[in-house]
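Colleague: I would like to go through the labels attached to this model and hear what stands behind each of them.

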Amino acid sequence: MMLRNSKILVLGGFGLVGMAVCRKLLARGPKALVVLSLKQQESEAACKELAASYPHVQLIPVWGDIFVRESLKDIPRSEIMSNDRYRAEFIEDFWEKPSPERLRTFYLHRLISEHKPDLIVDSVNSATGLAYQDLYSAYYDMRNMLQSFDQGKVTATDLESQMSRFVGTVYMPQLLRHIQVLVDATMTAKTHTYVKVGTTGTGGMGFNIPYTHAEDKPSGQLLAKSAVAGAHSMLLFLMARTPGCPYVKEVKPAAAIAWKRIAYGEVMKGGRPIPLFDCPPDAAEALNQTFQRVTNGVGRPLGENLKSVFIDTGENGIFSTDEFFTITASEQMEFVTPEEIAQAVLWEIEGGNTGLDVIGALDSVSMGPSYRAGILRSAALDEMARLQRENGVTSIAFEMLGPPHLSKLLYEAHLIKLAYPNPSSVQRDTPEVVATKVWDVVCADAKLRATIISIGVPILLPDGKRILRAPEVKIPAYAGSNELRIEATSVDEWADKGWIDLRPSNMERWQRRIDDFFVAGHEDAARDTSSAFPWERRAQGDRDEHFAGRIVTHIFINEEKGERIKS
């Protein structure tokens, strides 16, 4: 894409890679650059530094946590987890249904919707931020709390609080919701390109990585970071295959990233200095039956902080001379500079062939549909049709593929075909008459009726007040209770998602669908007989025995915009 006069949003713009990316992008003359960092002083400092070199570009500092709702964006995660109200809101946002209203409460959504960037470069270390909430420590805390509860040492309220903290550290729902927010926001804002600077989680090393976070080698926490990073890439792969989404790319450095500065001074860890303590030989602690990992009152504070020569590698931390020597040595992590990463990002944005786009690589090595399978499809369908005739059955849906919406549509189309052997003639009757005729089919065919309700799809009668059902229904889905209150819109929602709906209003909808189906299959073909016409979607006459499958495919592609865009 062309960057001149564009509007750009850089997530993680204060970081090591983020600043390098900002400088590369600003050199191309964008109209405005929005720089996001977690803290206000960081984003403002980044804009101030960039403005010195690029005074003619509008620089907009923004700040906050992009993984939470806007009202929580400036609250540290530790405070969210320790506050009952904040924690409840936080957990609800990730575990409840991803309704459009919920997605649009997230700070990231508001940020993208407000600024409407043409380009987003995401250099936030997402995998680290999510995985390092430390699910494992939360598990140990919950295990201890359960044991204390069994012994009567803590209350049910204490246990409930600890369990909710554990739920709040589960990272996969947080990653899924983050991508759902990103998809909805970028589609709404019509963002052209999204580039992610990802991570391998191990600096390019394998299970034998010597650098870890516990006695385990490697630690579960470190492996979780790699797992989240891989899941993130696959979700971006899906995003890149979604119509209406931006062009999606990912550059994934597989080495340590360095560096920001080299200096002598206080060594900071987590934004805080490391206080020095001394433990004279005569104060040695005896090793008895128990050992406390953290103990207050031991060691003599020296009243000063650790100072030394260090190299600042940005988000990856501060390293001593010998630590840097070790991790960057040949056959260890080695390293890559942020400027090289930024250059790769720039080339990918501008259409260059770096060979470093992970999403493009996944595209090129993923096996897609084959010519052989396309040929064999007809043979498989012919054999299934033969067996249907031989056994006197019609194979419509079993509700194993999911969601029930597919089974619902297939059976509704099949019922209409039974009521109207020439489906195009359905237009001659009123919706009320159509509903009555389809209901007569349901009443007359006990075997078909039993099949439908037995797979978990109830049948809503034309009056909209009664249903035919078996012991279990698939919709509404389980959401913590077997009993749900029927609200004003409940029946409409459930019927749309997974009930056979025989109400006249739905029959009228099917009349429109069938009309559109035959127009698309016949009239357009009369005007266009080139290879550009989607011949594979064309209906093959009223006698077509795959009517239900064909029209539902048409609905998924045209009405629900569910077409595949890459083969």
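Colleague: What makes E8-E13-E14 an open sheet with antiparallel pairing?

Modeller: In this predicted model, three strands follow the order E8-E13-E14 and pair in the antiparallel sense. Strands are DSSP runs of at least two residues (E), helices are runs of at least four (H or I), and both are numbered from the N terminus. Two strands count as paired if DSSP finds at least two bridges between them. E8 and strand E13 (residues 307–312) have six bridges, and one of the bridge partners is arginine 261 with aspartate 312 in E13. Strand E8 (261–266) and strand E14 (318–319) are the edges, each pairing on one side only.

Colleague: Which numbering and confidence limits apply here?

Modeller: Residues are numbered from 1 along each chain as its sequence is written. Local features need pLDDT of at least 70 and side-chain atom pairs 80 or more, while totals for chains, interfaces and linings use all residues, and side-chain values use heavy atoms, without hydrogens or water.

Colleague: Why are E17 and E18 called edge strands?

Modeller: The open sheet E17-E16-E18 has three strands and mixed pairing. Strand E17 (467–468) and strand E18 (500–501) each have a single partner strand, so one side of each lacks a neighbour in the sheet. Strand E16 (residues 459–460) pairs with E18 in the parallel sense over two bridges, with isoleucine 459 opposite isoleucine 500.

Colleague: Why is H10 called roughly parallel to H11?

Modeller: Helix H10 (residues 171–189) and helix H11 (residues 220–239) pack at about 30°, with axes 11 Å apart. Angles under 35 degrees count as roughly parallel, over 145 as roughly antiparallel, 65 to 115 as roughly perpendicular and the rest as oblique, so H10 is roughly parallel to H11. The axes are lines fitted to C-alpha atoms over the stretch in contact, with angles from 0 to 180 degrees between N-to-C directions.

Colleague: Which residues of H10 and H11 meet, and how do they divide by class?

Modeller: Contact means heavy atoms within 4.5 Å. Among the residues that meet are Leu175, Ile179 and Leu182 in H10, and Val228, Ala231 and Leu235 in H11. The contact of H10 with H11 divides into 13 nonpolar, three polar and no charged residues. Nonpolar covers Ala, Val, Leu, Ile, Met, Phe, Trp, Tyr, Cys and Pro; charged covers Asp, Glu, Lys and Arg; the others, Gly among them, are polar.

Colleague: Where are cis peptide bonds found?

Modeller: One joins alanine 258 and tryptophan 259, with omega about 5°. Another joins isoleucine 475 and proline 476, with omega about 10°.
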